[in-house]
Amino acid sequence: MSKLRLAFLPAVVALSLPVCYVLAHPDDPKIRDRQPAYVGDGWTKGGGGSLGMQFPSQNVELLAWLPLGWFNSGANSANSCWGYVSPGGHEYAIIGLSSGTGFVRVTDPNNPVLVAHIAGPNSLWRDMKVYQNYCYSISEGGSGIQVMSMANIDSGVVTLVNTVTTGGTAATHTLALNETSGFLYRAGGGSNGIRIYSLANPASPTFVTQWTDRYTHEAQVVTYTSGPFAGHEIAFLCGGFNGGYDQTGLTILDLTEAIDGDADLTITQIGQAYYPDGEFSHQAWLTPDRHYMYLDDELDEGTAATPSTRTIIIDVSDLTNPTYVGAFTTPNTAIGHNLYTRDNLIFEANYRSGLRVFDASNQLAPVEVGFFDTWPSDDLPNFNGLWNNYPYLPSGIILGSDIEKGMFIWRYGPPRLNYNYPGGQPSLLDPLGATIAVEITASSGNTLDQLSPTLTYNAGGGDVTVPLQHMGGDLFNANFPSLPCAATVTYYISASTTGGDTVTSPPGAPSGGTFSATVASSINTGFADNMETNTGWSTPAPGDTATSGLWVRVDPVGTTAQPEDDNPDGVGTFCWVTGQGVVGGAAGTADVDNGITTLTSPTLDATAGSLAYVVYYRWYSNNLGGAPNADSMPIQISNNNGGSWVLLEDVTENASAWVRKAWRVSDFVTPTSQISVRFIARDLATASLVEAGVDDVQIIYYNCDAATLGDMNCDGTVDILDINPFVLALSDPAAYAAAFPDCNVNLGDINGDGEVNVLDINPFVALVSGG
């Protein structure tokens, strides 16, 4: 489904960020792979909201997700992140945005609070570091070093107190800061190596000197406390010649003489390491014992030599002889970007595979023990998704900054409660009622509150919450009552520990997503079209007036308005879209212009079953351009081959995703063998930008042939032989289920109130006696 295609940044966005693109290192692929920012409300564990998508994860719990718009209306991307603890003990997240620097109080990570946004040069690249109560922020957009006072951050105030422009080029790629020595280091920016600043006056960094032998992309600078370099300021630099692309590797410098305050500013290179198949040495971090350095090469993934995510290991126990000793890889193919070590763990921000956590108890063979994927659709080696993470706040929470999606707050560790479904999770629910077995176990140090597990379901009439039936030990039953045939039922399970922590399945439910099933005995497919070939669709229709953006069946080229791939829930690569764009084209390059364009299905038969539904996936975008949300897309159905039409829906939703819709044919027209569906994309408003797509159209039939109420032994007849089974179902449902495993206990719910109880006795007697 997904295709490795380089989707260039649309010109309309490029125009909004002119400076940063010019000053980034040459041919930076982050520009090449730009995707539109996520637009949505976000979610917090304390306040809810809407996730808008499901994030695969393991041993990483989402506490909050704050999209770009939450910070600043001008932010269209995020970059780096860092953390800060105030003298008052409050924890803060600091996030780099295209529009500036954001500050968020995360003392209660379930309810983060935006404290401040300090505007800066518009840039895709920004980095921040903290010293005492100051934050230093730089960017490829120029303006040197922004100095921000956090002295009053607990009162909600962050102040820009200085902008330092000494030291040459105003642009900077990243920052390093040694809190032990009190020196700040600017890395990169144009072709620069590192530029060194004293923080003797933290509000006014003073330029000391620079090292320009090689381009430096990232750096870590520490003060050694033992060994032959005890007391020395040692810098580990990722970079190389020719902007970092040639002889790329790890350079080790001794900066002690340059920062000791005397006139001798000598900087000494004491070590250099290379590694096999190096493409672009990007960032590295020491192990806590300073024996090894883990390094990310930003351009090695996706090559024949490195088909999956690789982390390079360099032995730096002898600073004068750093040595490549190996690498560890993961099964996915995403690009490794930024990593940090804490205790025996490694936290990696790996773009399209999100946050990856490794146990490095064996430092030469770390093992993945957790992840949270912020780009669920694929793990391709493209420059989208998670840029950075910060795992050093005292509470143990982890901060993450995602280019398109903003800021994430996580907690690493096994879930307090674990869910298992011994019999699986059905896609169909018996119309007379269904039971799903649920096993709930507590992780070490936690205890399940046995009275807390509940099932919450919604069959279209609102949420209904009922307690789970405890079957003994860790096993519970989630019992659904009889529900309307063909209803789509969403549901989730919730339980709490005795300490009051609530854990849901799926994680984050309901706003983070729910499970889904359909009420039916079976489903038959009468027609299915994945658009890989043209099965008889027609376009244009008489009366169409659009001059561009006409419907075409293609493997789409994505823009900020049009999908890059066809429906990910289907198969193949083709779909119908309104005009095929070009790689690197702007959002409006092939959109619908000057009228309407109509796509009409072939003739469909909806008479092969009693409950026929028409199903399709649609894409619609009309929230860009000079007249956002001024148009709509009518979708219509006909039962006489187009002789007349009835509206199914008039689409105005800008979901930035493929949306599945299912409509019962008989709710709109009488089912016939001459059904047609048509999709009318239209540009009727001046300066409106309209894109649409259609994929995976089906006619499906829901069958609800159920056993007869009262037939408790399931022999096909309601008679005196059903009396004892009915009594058993009434008195001991578990024993009934064991004795009659092919029968549904809800066959005894004669009065239809959702339970088998004494109120069903008289109706049952009437059935048996023929009354």
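View 1. Asp-501 is partly exposed, with a relative accessible area of 31%; partly exposed lies between buried (under 20% relative accessible area) and exposed (over 50%), using a 1.4 Å probe and protein chains only. This is a predicted model, in which local features need pLDDT of at least 70 and side-chain atom pairs count only at pLDDT 80 or more, while totals for chains, interfaces and linings use all residues. Residues are numbered from 1 along each chain as its sequence is written, and side-chain values use heavy atoms, leaving out hydrogens and water. Asp-501 forms a salt bridge with Arg-416, with the closest N and O atoms 3.1 Å apart; a salt bridge is a side-chain nitrogen of Lys or Arg within 4 Å of a carboxyl oxygen of Asp or Glu. Arg-416 lies in the loop between strand 31 (406–412) and strand 32 (417–420) and Asp-501 in the loop between strand 39 (488–496) and strand 40 (502–505), so the pair ties together parts 85 residues apart in sequence. Helices (H or I, at least four residues) and strands (E, at least two) are DSSP runs, numbered from the N terminus. Salt bridges that share partners join Arg-416 and Asp-501 with Lys-45 and Glu-61 in one network.

**View 2. The salt bridge of Lys-45 and Glu-61.** The closest N and O atoms of Lys-45 and Glu-61 are 2.5 Å apart. Lys-45 sits in the loop between strand 1 (42–44) and strand 2 (48–50), and Glu-61 in strand 4 (residues 60–66). Lys-45 is partly exposed at 31% relative accessibility, as is Glu-61 at 23%.

**View 3. The salt bridge of Arg-352 and Asp-378.** The side chains of Arg-352 and Asp-378 meet at 2.9 Å, N to O. Arg-352 and Asp-378 are both buried.

**View 4. The aromatic pair of Trp-285 and Tyr-340.** The rings are edge-to-face, 4.9 Å centre to centre with 70° between the planes. Rings of Phe, Tyr and Trp (its six-membered ring) pair if their centres lie within 6.5 Å; planes under 30 degrees apart count as stacked, over 60 as edge-to-face and the rest as tilted. Trp-285 lies in strand 21 (residues 281–286) and Tyr-340 in strand 25 (residues 338–342). Both Trp-285 and Tyr-340 are buried.

**View 5. The largest nonpolar core.** Of its 44 residues, Phe-103, Met-150 and Val-158 touch the most other members. A nonpolar core is a set of buried Ala, Val, Leu, Ile, Met, Phe, Trp, Tyr and Cys residues joined through side-chain atoms within 4.5 Å. Strand 6 (residues 91–97) gives the largest share, 5 residues.
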